[in-house]
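The following paragraphs lead the reader through a structure, from a single residue to the relation between its chains. Please keep the sequence and the model at hand.

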There are 2 protein chains.
Amino acid sequence: MRMLEDRIREQGLILSDTVLKVDSFLNHQVDTALALEIGKELAGRFADKPITKVLTIEASGIQFAMAAGIALNVPFVYAKKKKAITQSEQAYSASVHSFTKQETYQVTVSKSYLGPGDKVLIVDDFLATGAALVGLVQIVNESGAELVGVSCVIEKGFQEGRGLLEQMNVSVQSLATITRMAPGEIEFAEPVKELVEETV
Amino acid sequence: MRMLEDRIREQGLILSDTVLKVDSFLNHQVDTALALEIGKELAGRFADKPITKVLTIEASGIQFAMAAGIALNVPFVYAKKKKAITQSEQAYSASVHSFTKQETYQVTVSKSYLGPGDKVLIVDDFLATGAALVGLVQIVNESGAELVGVSCVIEKGFQEGRGLLEQMNVSVQSLATITRMAPGEIEFAEPVKELVEETV
C-alpha cells in the first residue's frame with residue numbers, strides 16, 4: 001500500500017534493525033483518515049471471501065479492526081490480554097510469549113462472541129514474531145469458526161511470523177512488508193502480483 | 001441517546017448494583033455501526049467548540065475515540081497504561097488508582113502528541129469513579145493544551161466521577177446516564193435540556 005509505505009518512510013522512526021516506531025500516526029497517535037484507508041485495504045485483500053467478524057488483540061489492533069469492520073460492515077472482537085493464567089469455561093484462551101517484554105500472557109476471547117458459523121478475518125498492526133497472531137489463530141480454530149485469513153498493517157518480513165502462520169495453513173496478507181531496515185534506511189518488498197494458477 | 005439506552009436495556013448484563021457488562025456490543029465485541037453513531041454523538045455534544053484532537057485511554061476507549069475522530073476528522077491519541085512508575089522526560093504521566101482491580105498504574109502520553117495549540121476532547125466508554133478520566137485531565141492540563149470537555153458513552157450517575165471532574169471545572173457529557181441499577185432493573189436520567197442563560 002503505497003500511501004502507507006510513504007508515511008512509514010516519512011514519519012517512522014527506525015531505532016535498530018528490528019525496532020520501528022510508528023506511534024506518531026498508527027499506534028499511539030492515530031491518523032483516523034489513514035486508519036480508515038488501511039481498514040479498506042485490510043478487508044479488500046480478502047474481498048472474495050464472505051467475512052462475518054473481524055478479530056484482533058488489544059490494544060493497538062483495535063483501531064484497525066474497527067476500520068476493517070467499518071469497511072466490511074461487520075462487528076469486531078478484540079481479544080484481551082491477561083497476566084493471570086486462570087482458565088475459564090466461558091472463554092477461549094491461548095498462551096503468548098512476548099519476546100519484546102520477555103513475559104508470557106494469556107489471550108482470551110469470550111465463547112459468546114466466536115463460534116461455528118463465524119467467518120473470521122484476523123487483523124493486527126504488526127506481523128513480526130507472530131506470537132500473538134498464532135494465539136489468535138488457535139482461538140479461532142478452537143471455537144469452530146472458519147478462519148478466512150490474517151491481514152496485517154506492517155510485516156517485518158525478516159522475522160518468522162509469516163512462516164509460523166503459513167505452517168498452520170493460514171492465508172497471510174500485509175499492506176507493507178519490510179525486507180530490511182536500519183537507522184536511516186528501510187526497504188519494502190515489491191507488491192505481490194497475484195499469480196493465476198495455470199494447472200487445474 | 002435513545003438507541004444506546006435501548007441496547008443497554010436489551011443486551012446489557014447487570015451483575016450487581018454497580019457492575020454493568022456491555023461486552024456483547026461495546027467493549028469486547030463491538031458493533032461497528034453503533035460505535036460510529038456513538039462517535040458522532042460524543043463529538044456532537046461539543047459541536048460548538050473547535051476540536052483538534054481526541055484523547056482516550058487504552059484499551060476500551062479506542063473504538064470510541066476512533067469514531068469521534070472520524071466524526072470530527074481529527075487524529076486521536078490513546079494514553080497507555082503502565083505498571084512501572086518510571087518517569088520519563090518524553091512523556092506526560094499521571095497515577096490512577098483502579099478500584100476494580102485494587103491497583104495503581106501510570107497513564108502516559110508522549111509529549112510529542114499533546115501540547116499548547118491542541119484543543120482536546122477526552123472520550124471514554126465509562127464514567128464511574130472518574131479515576132482514569134481525572135488522570136487524563138491532569139495530563140491535558142500539564143501539556144498546556146486546551147481541554148474542551150469530557151464526553152463519555154455510559155455514566156454511572158450514582159458514582160463520584162462527574163463530581164470530581166466538575167470540581168476541576170471540566171465540562172462533562174454522557175450519552176446514557178444510569179441513575180440506578182440492580183439485576184433486572186435499570187433507570188436512566190432524563191435527557192438534559194440545554195438551559196439558556198438568562199442573565200448576561
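Which residues does A68(A) touch, not counting residues up to four places away in sequence? The residues touched are G39(A), A43(A), V54(A) and V123(A), where contact means heavy atoms within 4.5 Å. A68(A) itself is placed in helix α3 of chain A, residues 62-72; helices (H or I, at least four residues) and strands (E, at least two) are DSSP runs, numbered from the N terminus. With a relative accessible area of 0%, A68(A) is buried; buried means under 20% relative accessible area, exposed over 50% and partly exposed in between, with a 1.4 Å probe and protein chains only. Between the C-alpha atoms of A68(A) and G44(A) there are 8.9 Å, although 24 residues separate the two along the chain.

A few conventions apply throughout. This is a predicted model, in which local features need pLDDT of at least 70 and side-chain atom pairs count only at pLDDT 80 or more, while totals for chains, interfaces and linings use all residues. Residues are numbered from 1 along each chain as its sequence is written, chains are lettered from A and ligands numbered from 1 in the order in which they are written, and side-chain values use heavy atoms, with hydrogens and water left out.

G39(A) and A43(A), two of the residues touched by A68(A), are among the buried residues of α2(A), which also include T32(A), L34(A), A35(A), I38(A) and L42(A). These residues lie on the same side of α2(A), because they cover an arc of only 165 degrees around the axis, the arc being that of the directions from the helix axis to the C-beta atoms. An α-helix has 3.6 residues a turn, so residues three or four places apart point the same way. At the start of α2(A), the backbone nitrogen of A33(A) has a side-chain oxygen of D31(A) within 3.1 Å.

Strand β4 of chain A, residues 53-57, contains K53(A). This lysine counts as buried, at 9% relative accessibility. Its side chain is joined to that of Q29(B) by a polar contact of 2.7 Å; such a contact is a pair of N or O atoms within 3.5 Å, and within protein one must be able to donate a hydrogen and the other to accept it, residues adjacent in sequence counting only if both atoms are side-chain atoms.

In the loop between β4 and α3 of chain A lies A59(A), which is joined to E58(A) by a cis peptide bond with omega of about -5 degrees. The peptide bond from E58(B) to A59(B) is likewise cis, with omega near -5 degrees.

How is chain A superposed on chain B? A rotation of 180 degrees with 0.0 Å of shift along its axis does so, with an RMSD of 0.0 Å; the superposition is by least squares on the C-alpha atoms of residues with pLDDT of at least 70 in both copies. The two copies are therefore related as by a two-fold rotation axis. The same surface serves both copies, since 100% of the contact residues of chain A recur in chain B. Of the residues of chain A, A59(A) comes closest to the rotation axis, with its C-alpha at 2.6 Å.
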